[in-house]
Amino acid sequence: MSRKIQVATVQFEPTMFEKERNIADLLALCEQAAQAGARLIVTPEMGTTGYCWFDRAEVAPYVEPIPGPSTDRFAALAKKYDCYIVVGLPEVDDDGIYFNSAVLIGPDGLIGRHRKTHPYIAEPKWAAAGDLHNQVFETPIGRIAILICMDIHFIETARLMALGGADIICHVSNWLAERTPAPYWISRAFENGCYVIESNRWGLERTVQFSGGSCVIAPNGEIVAVIDGGDGVALAEIDLDAARARRVAGEPVFRRRRPELYPELLTDTFGWNPRDFFTLYGHAPWPEGKASRVSVAQFAPSADVDANLDRIVALARKAKADGAELVVFPELAVGGLVDPASAAQLVPGVATDRLSALAHELSLYLVCGIAERAGDLCYNSAVLIAPDGALTAYRKTHLTEDERSRATAGDDWTVADTPLGRIGMLIGHDAMFPEAGRVLALRGCDLIVCPAAITTRFSSPHAGTTIAQSAPIPTGADRYHWHHFRVRAGENNVFLAFANVIDPVHGYAGLSGVFGPDTFAFPRREAIVEDGEGVATVTIDTSNLDCVYPTNVVRRKDLVSMRMPHSYRPLVQAVAGNS
């Protein structure tokens, strides 16, 4: 039996104070989609009313209960065409509380609703934070979940829905400030192996420019349909079997999650002033931080340890010439990728001794991937070596299918305090798991270093064809519009130094980079090694003004502090039936 269905995203510019006209126009667009064969139709956040409301009094004439008059009208259309429609609207409940909500309506009427759990900056003027959380609705056309705009910034929301079996996440938004389809949207589909149907508004409202880019995103991150600017409908065929395979970068990621390592996801370490929190009870002081230069070095390690160490020396000298104080090398850079076990080293040992001498000579922190031998076991490890010879090791916790036959997984996280700031360590495939980066952010890391050997696609240029938006939204072409590890940095408000192997013959794409902590800071604070062997260097700043409160985004971590951990318990539980 085929599990392919036709879906549609609707892009629309509502007009404030014109609710009746908005609903009529949305119904017309939904009917257009239904007549074209769409079984699931998604419309924008607050599409019935517009978005930029001053306060409760101003929006009061336009809120309504659910179910109510507006949902009834969409239900009639859903019944007529035997389809399912997601509609965004302002809701009032029996207690007079207002919510920014979205409903899923089917041929038999209302199926369920989602109330936005992470209100954006202006919404607390009128709306309460949603209290329904992470629902997945079982329907004849698949398992459907809903997120609203800001919700998707948080790795936990989409992950919880995917763990709940969602085939499709319907993301309704009023997205602004960046070119779309937004990298966050793509990463949420990619890392969860599910479809994202994105319906975003466009146009100008009360000086706010919304960015359009409504689209359908496949589980591999591919944009399969997109609208750039203007009202319209985009249709695509989706295959539910592709979502139910739950494979990310070719790997059965959900079977490889490590819930026993994720309990910290239920904590809220940035709920209090972190400058107090991270020094409680005589704990070692949180590093003061500073401005420094960080590099990533990209090359293809061979099976010859001495030759690899020679390349590391040469690239480290090049990074030092660029002013670097820390340089990150790829995964298994010391012994190569072909047969890591045969090149496994003691840690500390001969290879790390040579790296320590180099770190001392250049007064440089080095991060390097190495196959570690420990008794009869082999680990895929990384070492952080300080100029004074201090060595910190991390053993990769999330192994690929291939690695599981020849390596043992590590069982803990590693964080090191340095003058550059607090540094967390991941290795390659670890960073495909959003939980991993989040744990390090919750531990107060300023910088995550990630030696990698990743072959799968994790970057793409912009998919749009026209430029319909105006300043301040960046509208120019971007060769690396979506880079999954840029998203990892922004969602955790950390700098992330990602050093990947470059070897096109064997599928290693390179694209190493140092990425900044603020997704919406333009021009971006980043540097990427675009082609071949080389080094990319950028200035990072982990310092703070002379103030008791954090003044730097890596210390304040706005996105981390706005999480809703009381609803995250399923993240630390084994989930049956997910592959």
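This report walks through the overall build of a protein and then visits some of its aromatic rings.

The model is predicted: local features need pLDDT of at least 70, side-chain atom pairs count only at pLDDT 80 or more, and totals for chains, interfaces and linings use all residues. Residues are numbered from 1 along each chain as its sequence is written, and side-chain values use heavy atoms, leaving out hydrogens and water.

**The whole protein**

You can find 13 helices and 30 strands here, taken as DSSP runs (H or I, at least four residues, for helices; E, at least two, for strands). Along its principal axes, the C-alpha trace spans about 75 × 60 × 45 Å. Of the 579 residues, 62% are buried, meaning under 20% relative accessible area with a 1.4 Å probe and protein chains only; exposed is over 50%, and partly exposed lies in between. Among contacts (heavy atoms within 4.5 Å) with a separation of 6 or more, 72% join residues 24 or more positions apart.

**Aromatic rings**

The structure holds 15 aromatic pairs. Phe 277 and Phe 278 form one that is edge-to-face, with 5.0 Å centre to centre and 90° between the planes. Rings of Phe, Tyr and Trp (its six-membered ring) pair if their centres lie within 6.5 Å; planes under 30 degrees apart are stacked, over 60 edge-to-face, and the rest tilted. How do the two partners compare in accessibility?

| Residue | Relative accessibility | Class |
|---|---|---|
| Phe 277 | 30% | partly exposed |
| Phe 278 | 8% | buried |

Elsewhere, Trp 175, Tyr 184, Trp 185 and Phe 520 form one aromatic cluster.
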